Every structure is written in C-alpha cells, then in structure tokens.
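Dear colleague,

Please find below the structure that I am handing over to you, together with its sequence. My findings follow directly after it.

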Amino acid sequence: MCALVVRGAFDAHVVPAYEAAGGRIAVDWAPTAVIMQKIAAGERADAVLVLADAMDRLVAEGLVEADARVAVARSRYGIAVRAGAPHPEIGTVEALKAALTGARSVAYSRTGASGIWFAGLLPRLGIEEAVNARATIIPQGFTAEKLVSGEADLAVQQISELMVVPGIAVVGPFPDPVQEETVFWAAPMRGRGAAAAAFLAGLTTPAAAAAYRASGLAPAA
C-alpha cells in the first residue's frame, strides 16, 4: 500500500529496478488517509508507505515492524496549470491569494494529504468561501487531470503528484510562509519483514534518490 506522492519515482525507477532483480510487486496506490482506513478495516500488505504521522500511528498500534522502517522522501506542495496556460504569480502570500481567488476553479483532493492541508490553509488565508464556491474537489487521485479536462484553471497537490500528469506545467511551490514539507516513511507490516526487505532496501539507494529528485521530491536522508 503506497501513497501517491512517489508514483512518478516508483514508475520510472523503483519498481522496474526491483523487478529487474527478480522481484514481483503489486502496488495499491491511494492517499495516506485512505490507506489508513483500509488498514483499520483489516486490509494488509507486505509493506506500507505513508506520511510520517500515519507511520507513527501504525508503530504505536503495533501494525508495522518499527525497527525496519525507513524514511523515503520529502515533499512540498505546489500549483500547476495546463500546459501553455499563463503562469500566475504565487511567489508571495498576497500574490498566491490573488491567483487562487482569481481562478475560474481550483482543483484539490478531498482525502489526499495535499487536499487536507489546503483545506486547512484556505481559512487561514481568509479566502475559504471564495475558493470553495468554485473549487473542483475530487475524492482522491491526481488533481492535475482536471486541468487537462478543462474543469479547473489551477491544481493544488504535492509537486511530485502534479508532475505525474502529462499536459500540465508546474508553476512552482507555495511561498515559504505558508509552505509545509511532508516526510514519507515505509515499513513492513507486522510479520512481513522477510517479504518486504529487498524492496525496502531499494528505496534508499543513490539511484532511487535520483529518481525522487527527478520526480519533484527530495530524498529523506
């Protein structure tokens, strides 16, 4: 079970490298919140990759092998537009507010970490009502797809998730005063350490680190 944030790096390098070495893997892609709901309902996997606070909860509940967990990648939130569209100014908080309130529609995810964070940011900026009146809110998945379909002018998500979608352009990260960096961890689920060991070892190699950087992330270490 794996958070969407590493999809680009996994598709480009991590999974092919593991399979080239003789491994086999099926990835259940979902936002961290959805993964946690599945685990709470009794679903299990060999390994899980989720946000740091979610991993802490899994450790506290004894559901993962804590000693085998690894910090994988760090992520930041950003904004994208459809390829060829003008890039709004978002370098300052005031410019960001103008861009968000001036857009025909802003796409964000209801259950993804980015959407939960963004929903909490809007009232802090004082623009919750103005943005949500025209927002395109998806249950989960890649918000930038709504740029390609023409349903939204701006998409908010973790930068690596925006970059997965072809036909879009990343404008940039949120300005530092309102930015938040998230860290993602991976661990074997309880009793699955042997099955997950080789795959987890591949998450922190120099080649994996390069794949994270190429996909809009930073290695955790």
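Predicted model: local features only at pLDDT ≥ 70, side-chain atom pairs only at ≥ 80, totals over all residues.

Residues are numbered from 1 along each chain as its sequence is written, and side-chain values use heavy atoms, with hydrogens and water left out.

Helix and strand labels follow DSSP runs, numbered from the N terminus: helices are H or I with at least four residues, and strands are E with at least two.

**Helix packing**

Two packed helices are described by the angle between their axes and the distance between the axes. The axes here are lines fitted to C-alpha atoms, for helices over the stretch in contact, and the angles run from 0 to 180 degrees between N-to-C directions.

Helix α1 (residues 7-20) packs with helix α10 (residues 206-214) at an angle of about 155°, their axes lying 9 Å apart. That angle makes α1 roughly antiparallel to α10; the classes are roughly parallel under 35 degrees, roughly antiparallel over 145, roughly perpendicular from 65 to 115, and oblique for the rest. The crossing of α1 and α10 is right-handed. In this convention a crossing is right-handed if the near helix is turned clockwise from the far one by less than a right angle, and left-handed if anticlockwise. On the α1 side the contact (heavy atoms within 4.5 Å) is made by Ala9, Phe10, His13 and Val14, and on the α10 side by Ala207, Ala208, Ala211 and Tyr212. Seven of the residues in the contact of α1 with α10 are nonpolar, one is polar and none is charged. For these classes, Ala, Val, Leu, Ile, Met, Phe, Trp, Tyr, Cys and Pro count as nonpolar, Asp, Glu, Lys and Arg as charged, and the others, Gly among them, as polar.

Which residues of helix α2 (residues 32-40) are buried? They are Thr32, Val34, Ile35, Met36 and Ile39, where buried means under 20% relative accessible area, exposed over 50% and partly exposed in between, with a 1.4 Å probe and protein chains only. These buried residues of α2 pack against β1, α3 (52-60) and β7. After α2 comes Gly42, which has a positive phi near 105°.

The axes of α2 and α3 come within 10 Å and cross at roughly 15°. The two helices are therefore roughly parallel to each other, and the crossing of α2 with α3 is left-handed. Thr32, Met36 and Ile39 of α2 meet Ala54, Arg57 and Leu58 of α3. By class, this contact has four nonpolar residues, one polar and one charged.

**Strand pairing**

Two strands are taken to pair if DSSP finds at least two bridges between them. Strand β7 (residues 181-188) runs antiparallel to strand β1 (residues 47-51), and five bridges join the two. Within this pairing, Val48 has Ala187 of β7 as its bridge partner.

Strand β2 (residues 70-82) is also joined to β7, by six bridges and in antiparallel fashion. Here Arg76 stands opposite Glu181, and Ser75 stands opposite Thr182.

Further antiparallel pairings of β2 are as follows:

- Strand β8 (residues 218-219) is joined to β2 by two bridges, and Pro219 is the bridge partner of Ala73.
- Strand β5 (residues 154-158) is joined to β2 by four bridges, with Gly78 opposite Gln157.
- Strand β6 (residues 168-173) is joined to β2 by five bridges, and Ala169 is the bridge partner of Val81.

Not counting residues up to four places away in sequence, Thr143 touches Ala107, Tyr108, Ser109, Ile138, Ala155, Val156, Gln157 and Leu162. Thr143 and Gln158 are 15 residues apart in sequence, and their C-alpha atoms are 9.8 Å apart.

Ala103 lies in the loop between α4 (93-102) and β3 (106-109). Ala103 is buried, with a relative accessible area of 8%. Its contacts, leaving aside neighbours within four places in sequence, are Arg134, Asp153 and Leu154. Ala103 and Ala135 are separated by 32 residues in sequence and by 9.2 Å in space, C-alpha to C-alpha.

With kind regards
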